[in-house]
Amino acid sequence: GAGARRALLRHERSYCSTVLRALDHSAIARRLSACPAGLVAQVAAGGGALTLALALRGALEVAECATLVPAVLAPIVSETTPLAFKQYERATLARTFRMLWRLVTLAWLYSPLFLGVPLALTLGRLFPSIDDALWAYALRAVHAAGPAYIKLAQWASSRNDLFPVKFCRTFEQLHDNCFPHAWHLTERILVKEIGAGWQQTLHLQPEVIGSGCIAQVYRGRVRSPSTGKDVDVAVKVIHPSVEALVVVDIDIMRTLAQALSLFPALKWLSLPDVVEDFALQMFWQLDLRQEALNLQRLHRNFKDDDAIVIPAPILELSSRDLLVETFQPGVPISSFILSDRCDAVARKELSRLGMNSMAKMIFIDNFVHCDLHPGNILVSEDRGKLRMIFLDAGIVKELRPDTH
């Protein structure tokens, strides 16, 4: 167990960024008495129990050993409790100062909204331009605030049952239209992940075809190491410095949630648990190798379904900051349903495909894509038949066997 202990205790990050999925590693899964849930690491002690190695900084290190690893960590790390990352979080003076500076920056960024909202409420009907300018600034402010706040706005904009139409239409632009980073920063990541001669392996178009809060996407062409054939690919490159922003913003959210939970009227909301669950989803998206494994499993689950398309990852070229997957052409579903091609029959067919695919993921596969906002669903037509393409599998969910 010494090698496993070294893997477990290697603090390359101050938090756990990924948990090795036992079901994708059958050699380990066969030796566990119970299959763990998709985002749960069980580090157990007891007669004959083996361990599931927790990989820090996304390094997929497996502890497959016949002897016990001492219980140096908590026995269960659950995605639904604040224990999920607490043991990897160490409060330091430097992090406290970064959090305070970040609070000052956010207060400065959002101060025009605090001043402008009362003005818009009183004069908005007389001067509609004030209202429009305020919404435009709110969009830019969320853009500038960083990935954690963009992700929250993406979720909120898809809930038109909870939020006003104007709010949803404004922030739905964040689904696939976030600020991209410069090309020279992408080149730096390509050199780091593939090597100085990356152009010999990957032919990449410098135009960004999509940009999210965590990464941006290019179109390219590559010779597949497994088949030897040239294939069109989508290349996802993580935004530089995104990890540091996520960490400090999660710190702020944790502090705020703990403070609010002191009020008896708000305790029932379990805000600290909500923040921990959100933190888990954000941290998992910072390692693109995990998304590659998620895509691989979803692609396998839907390989016999011609109507649902999942891009296939090219694992040999993917890494922590880089994901290479097959390119799937299509139209964003939000654009397709507004086009002339989307009549009543097409709408009914899209509804059927969406419901059937979700039911399959939940009830049959027990592996659910949990980030299917309109920016991650494309529609294509193949010989008159509609197909749905699911992208960006950074957030997935797998229920415990007893729950499922």
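1. Let's start in the middle. The largest nonpolar core has 78 residues, and those touching the most other members are Y110, F171, L202, V235 and M388. Helix 9, residues 242-260, is the top contributor to this core, giving eight residues. As background, nonpolar side chains tend to be buried together in soluble globular proteins. Looking past the neighbours within four places in sequence, F171 is in contact with W135, A138, L139, V142, A153 and S157.

2. A word on confidence before going further, since this is a predicted model. Mean pLDDT for the protein is 75, with 76% of its residues at 70 or more. Over residues 1-88 pLDDT stays under 50, although the model has 163 contacts beyond four places in sequence for that stretch. Where pLDDT is low, the predicted coordinates should not be read in detail. Among the elements, the lowest mean pLDDT (30) belongs to strand 2, residues 76-77, and the highest (94) to strand 6, residues 308-309.

3. Spanning residues 183-193, helix 8 has T186, I189 and L190 as its buried residues. These sit on the same side of helix 8 because they cover an arc of only 100° around the axis. An α-helix has 3.6 residues a turn, so residues three or four places apart point the same way. On the other side of helix 8 you'll find R188 and K192 exposed. The cover over the buried residues of helix 8 includes strand 3 (202-211), strand 4 (215-223), strand 5 (230-238) and strand 7 (322-326). After helix 8 comes G195, with a positive phi near 130°.

4. Strand 5 and strand 7 run antiparallel and are joined by five bridges; V237 is the residue standing opposite L322 in strand 7.

5. Now for the pairing around strand 11. Strand 11 (residues 385-390) pairs with strand 6 in the parallel sense over two bridges, and V309 stands opposite I389 in strand 11. With strand 10 (residues 377-382), strand 11 runs antiparallel, joined by six bridges. Here V379 faces M388, standing opposite it in strand 11, and M388 is also one of the core residues that touch the most other members. Strand 10 and strand 11 form a hairpin with two residues between them, and R383 in the turn has a positive phi of about 50°.

6. One residue I'd click on is Q154, which lies in helix 6 (residues 147-157). Is Q154 buried or exposed? Q154 counts as buried because its relative accessibility is 4%, against a cut-off of under 20%. Beyond its neighbours within four places in sequence, Q154 is in contact with L174, H175, C213 and H373.

Definitions and conventions. Residues numbered from 1 in each chain as written. Predicted model: local features only at pLDDT ≥ 70, side-chain atom pairs only at ≥ 80, totals over all residues. Heavy atoms only, no water. Core = buried A, V, L, I, M, F, W, Y, C linked by side-chain atoms within 4.5 Å. Buried < 20%, exposed > 50% of the residue type's maximum accessible area, 1.4 Å probe, protein only. Helix = DSSP H or I, 4+ residues; strand = E, 2+ residues; numbered from the N terminus. Contact = heavy atoms within 4.5 Å. Arc of directions from axis to C-beta. Pairing = 2+ DSSP bridges. pLDDT = per-residue confidence, 0-100.
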